[in-house]
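Subject: The model we talked about

Hi,

Here is the structure I promised to pass on. Have a look at it first, then read my notes below.

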Amino acid sequence: MIRIDFRRLVSAARGELGATLALLVVAVGGWGFLSIADEVAEGETRALDLSILRALRVDGLPHDLVGPKWLHIAATDVTALGSVTVLGLLILLAFALLASLRRWAEGLLLVAGAGGGLIISQTLKRVFERERPDLAYRAVEAVNASFPSGHAMLSAVVFLTLGVLAARFADKRRVKALAIGAAVLVSLLVGASRVYLGVHWASDVLAGWCVGAAWAMACWLAAFFVQRGLKRPPALKS
C-alpha cells in the first residue's frame, strides 16, 4: 500500500507558491523599472514629479514643508533608516545573529543581496546621471545622482530580505504576514520620506522600489533553487 505524506506535499506546494510569487515580483519589478526609466529618459515624468514636489510645500515657499513640525522631524528620522550607515549596521548585526545560529546560507544571502544592491544602485545612478530637485526644495543633505533612489532601493532590498528570512523561521501564518508586511511598510515609508524631504523625485523612488524588490526576490530565488538542488537525493546508478 502506498502512503502519501500530506505534510511533505503541503510543504512542497508552499515552497513552489513562494517561488512563483517571488518570480512574479522579479518580473513586475523589472518591467516597472524599465518603464519608469524610459519615461524619465524622455523627460515625460518631469511635470508630474514637479507637481508632487510642489504639493508637499507651502504655496510660494519651496523650502517650507507642509504639515506640522513633528512630521518634519519624523520624516528625517525615517529617511535615515535607508542610509548606507544604518543599513550596514543592521546587516552586520543580523549577520552576527545568523552566524551565531550557524545559519550561514541565510547570512550570506543577506550580505550578498545588500552588496549587490549597492553596486546596482551606484551603477544605475552613473548611467542616468539625473539631477536632484533644486536646493530650495531639499530639507536634508544629499549627494550623487538622483535616479533611482538609493534609499528606496536599498531599504527594499535589506528589509524585504530580512522580512522573508523572519517569515521563514516563523511557524504561524500571522507572524509570517507581520514580518513581510512590516518590511514592506518600512520600505514604503523610507521612500516616501525622500520625496517629502525634497531630495528625490517621485519617479526616482518608484524606480528604486521596483528594482530593489526585484533584486531582493531574485537573490531569494537563487538561494531557494541552490538549496533545493543540494537537498535533492543523488540519482541511482544503473
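R168 is partly exposed, with a relative accessible area of 40%; partly exposed covers the range between buried (under 20% relative accessible area) and exposed (over 50%), worked out with a 1.4 Å probe and protein chains only. R168 forms a salt bridge with E106, and their closest N and O atoms are 3.7 Å apart. (A salt bridge here is a side-chain nitrogen of Lys or Arg within 4 Å of a carboxyl oxygen of Asp or Glu.) This pair links distant parts of the chain, as R168 sits in helix 6 and E106 in helix 5, 62 residues apart. E106, for its part, counts as buried at 5% relative accessibility.

Before you go further, keep in mind that this is a predicted model: local features need pLDDT of at least 70 and side-chain atom pairs count only at pLDDT 80 or more, while totals for chains, interfaces and linings use all residues. Residues are numbered from 1 along each chain as its sequence is written, and side-chain values use heavy atoms, with hydrogens and water left out.

Now the overall picture. The protein has 8 helices and 2 strands, and from the N terminus the order is α-α-β-β-α-α-α-α-α-α. Helices (H or I, at least four residues) and strands (E, at least two) are DSSP runs, numbered from the N terminus. Of the 238 residues, 40% count as buried. If you take the contacts between residues at least 6 apart in sequence, 75% join residues at least 24 apart; contact means heavy atoms within 4.5 Å.

Back to salt bridges: how many does a search of the whole structure find? There are 4. In one of them, the side chains of D49 and R130 meet at 2.9 Å, N to O. D49 lies in helix 2 and R130 in the loop between helix 5 (104–128) and helix 6 (150–169), so the pair ties together parts that are 81 residues apart in sequence. Both D49 and R130 are buried.

R130 also forms a salt bridge with D204, where the closest N and O atoms are 2.7 Å apart. That pair links distant parts of the chain too, with D204 in helix 8 (residues 202–231), 74 residues from R130. R130 has a relative accessible area of 15%, and D204 is at 0%. Salt bridges with shared partners join D49, R130 and D204 into one network.

Leaving aside neighbours within four places in sequence, its contacts include R132, H151 and V205.

Finally, the surface. D38, E39, E42 and E44 gather in a patch of negative charge there, and E44 lies in the loop between helix 1 (6–41) and helix 2 (46–55). L17, L21, L24 and V28 make a nonpolar surface patch of about 380 Å², with L24 placed in helix 1. Patches are made of residues with over 30% relative accessible area and no salt bridge; like charges are joined within 9 Å, and nonpolar side chains (Val, Leu, Ile, Met, Phe, Trp, Tyr) within 5 Å. Lys and Arg count as positive and Asp and Glu as negative, with His and the chain ends not counted.

Cheers

Conventions:
Accessible areas come from the Shrake-Rupley method with a 1.4 Å probe; for residues, only the protein chains shown count as cover. The place of a charge is taken as NZ of Lys, CZ of Arg, CG of Asp or CD of Glu.
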